[in-house]
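Here is a short briefing on one protein model. Look at the sequence and the fold before reading on.

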Amino acid sequence: MAEEKPKILLHWLNGSRAHSILWLLEDLEEPYEVEVFHRQPNALAPPELTKIHPLGKSPVVSITAPGATKPVVLAETPFIFEYLIEHSEKGNSLVPPRWKPGQEGKMLGETEAWMRYQYLMYYIEGSFMPILVQYIILNAMKSTAVPLLVRPISKAIANRLISMIVFPNMKKHLSFLEEQLKTSGGDFITGPTLTAADIQLAYGMILAMDSFDSMGDWEKGSVKATYPALFAYADRLQQQSGYIKAVEKSKEVDNGAFSLAPRLQL
């Protein structure tokens with residue numbers, strides 16, 4: 001008799017990084033279930049998510065051991081990635097080899113690809129995504145969610161902050177990622193094969209592809225012309241079977257709807 005496996009439940013929120021977890025689970029070929037949550041009209045997560053985790057955020061994953069009644073709850077995208085990868089039979093396929101031959105366990109004995117991978121898993125959530133979130137919030141200040149009488153003022157403030165803070169920082173990030181791709185030795189961010197770092201980075205990259213140009217004036221006229229390797233990479237990510245399966249799963253659980261971005265409905 002096959003050993004009973006723990007039950008994985010993804011608490012999925014539309015327009016959130018839960019999409020990355022869907023992709024990861026599909027590539028790991030782990031059985032899982034999905035509990036669907038929808039954002040409120042103000043684009044915030046619903047209060048019901050606080051019953052799963054005190055912060056009320058998504059993604060959140062619950063794992064219930066066989067015979068147990070209370071699950072262990074995992075939150076924060078990098079931690080969820082790390083835990084699921086370490087406990088999946090296919091996890092090693094999404095992580096570069098760690099050690100150089102004969103250097104196992106030694107300081108600086110790690111491969112360049114593994115060191116790059118480890119750094120990127122922290123960089124994506126700690127540095128790259130906060131800039132995108134800032135842009136989403138500032139863009140909301142220019143939308144119809146803001147009362148008409150004060151919208152010209154909020155729009156002017158938002159545009160100023162984007163030009164002063166968001167755009168200069170985004171240029172640094174995209175230049176950095178372009179260089180990472182050019183020096184990876186392959187089509188993906190750490191080398192020739194897809195890793196969990198690509199899956200985690202994909203959410204922000206694909207989410208913002210159509211928004212970058214509106215941030216400011218790019219060196220070569222458009223962000224795509226300025227960073228061609230990065231945009232070719234984003235296209236490749238969307239062609240990966242795991243990404244396609246995750247999109248299909250999102251549509252399946254959300255009555256045919258799909259969007260990476262949270263949307264205001266005020």
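Leu174, Leu177, Glu178 and Leu181 in α4 meet Pro228, Ala229, Leu230 and Tyr233 in α7. Contact here means heavy atoms within 4.5 Å. This is a predicted model: local features need pLDDT of at least 70, side-chain atom pairs count only at pLDDT 80 or more, and totals for chains, interfaces and linings use all residues. Residues are numbered from 1 along each chain as its sequence is written, and side-chain values use heavy atoms, with hydrogens and water left out.

**Helix α4 with helix α7**
- Helix α7 spans residues 228-238. Helices are DSSP runs of H or I with at least four residues, strands are runs of E with at least two, and both are numbered from the N terminus.
- The axes of α4 and α7 are 8 Å apart, at an angle of about 75°. Axes are lines fitted to C-alpha atoms, for helices over the stretch in contact, and angles run from 0 to 180 degrees between N-to-C directions.
- The two helices, α4 and α7, are therefore roughly perpendicular. Angles of 65 to 115 degrees count as such, under 35 as roughly parallel, over 145 as roughly antiparallel and the rest as oblique.
- The contact of α4 with α7 has seven nonpolar, no polar and one charged residues. Ala, Val, Leu, Ile, Met, Phe, Trp, Tyr, Cys and Pro count as nonpolar, Asp, Glu, Lys and Arg as charged, and the others, Gly among them, as polar.

**Helix α3 with helix α4**
- Helix α3 (residues 112-140) packs on helix α4 (residues 151-182) at about 155°, with axes 10 Å apart.
- α3 and α4 are therefore roughly antiparallel to each other.
- Their contact has 17 nonpolar, six polar and one charged residues.

**Aromatic pairs**
- The structure holds nine aromatic pairs. Rings of Phe, Tyr and Trp (its six-membered ring) pair if their centres lie within 6.5 Å; planes under 30 degrees apart count as stacked, over 60 as edge-to-face and the rest as tilted.
- Tyr119 and Tyr123 have ring centres 5.7 Å apart and planes at 25°, so the pair is stacked.
- Both tyrosines, Tyr119 and Tyr123, lie in α3, four residues apart, about one turn of the helix.

**The sheet**
- Four strands form an open sheet in the order β2-β1-β3-β4, with mixed pairing. Two strands pair if DSSP finds at least two bridges between them.
- β2 (33-37) and β4 (72-75) each have a single partner strand, so one side of each is left without a neighbour in the sheet.
- Strands β1 (residues 7-13) and β3 (residues 60-64) run antiparallel, joined by five bridges.
- Helix α1 (residues 18-28) lies across β1, β2 and β3.
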